[in-house]
Amino acid sequence: MDAVYIIGDLSPWSDNETKYSLRSLEKHVSGIDEVYIVGHKPVFINDSVIHIPAKDLTFNRAKNIATKILLACANENLSENFLLMNDDYFFLQDVDAKTYP
């Protein structure tokens, strides 16, 4: 199972929220094959993460999110079932991605 992060163009906290969310994913979630970031690519992201560039083209946040999800789904390598993430999600205990609610 893959994890897909939807990231907006502007971060009020210098992308630290994304960094800490990724750290919690790595530390607490088993069963993740690939991590995708769709949208803005923070400077600390290395080649172990698959980046799909996308700009926020409208002021409508829901439309920007939907567009980015569709871009991720268009990637033929993305797992059929995936964990949809954003920089506000943090894991505080160990879980298996395949059985996560």
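Does Trp13 count as buried, partly exposed or exposed, and at what relative accessibility? At 47% relative accessibility, Trp13 counts as partly exposed, where buried means under 20% relative accessible area, exposed means over 50%, and partly exposed lies in between (1.4 Å probe, protein chains only). The model is predicted, so local features need pLDDT of at least 70 and side-chain atom pairs count only at pLDDT 80 or more, while totals for chains, interfaces and linings use all residues.

Helices (H or I, at least four residues) and strands (E, at least two) are DSSP runs, numbered from the N terminus. H1 has 13 residues, 16-28, and at 1.5 Å a residue it should span 18 Å, which agrees with the 18 Å between its end C-alpha atoms; the expected span is 1.5 Å times one less than the number of residues.

Which residues of H1 are buried? They are Glu17, Thr18, Ser21, Leu22, Ser24, Leu25 and His28. Because they cover an arc of only 160° around the axis, they lie on the same side of H1, the arc being that of the directions from the helix axis to the C-beta atoms. On the other side of H1, Glu26 and Lys27 are exposed. The cover over the buried residues includes strands S1 (2-7), S2 (29-30), S3 (35-39), S5 (82-86) and S6 (95-96).

Ser21 is buried, with a relative accessible area of 0%. Apart from neighbours within four places in sequence, Ser21 is in contact (heavy atoms within 4.5 Å) with Tyr5, Met85, Asn86, Asp87, Tyr89 and Phe90.

Our last stop is a charged pair. The side chains of Lys68 and Asp56 meet in a salt bridge at 2.5 Å, N to O; the term asks for a side-chain nitrogen of Lys or Arg within 4 Å of a carboxyl oxygen of Asp or Glu. Lys68 lies in helix H2 (residues 61-73) and Asp56 in the loop between strand S4 (50-52) and H2, so the pair ties together parts that are twelve residues apart in sequence. Lys68 is buried, at 2% relative accessible area, whereas Asp56 is partly exposed, at 26%.

Methods:
Residues numbered from 1 in each chain as written. Heavy atoms only, no water.
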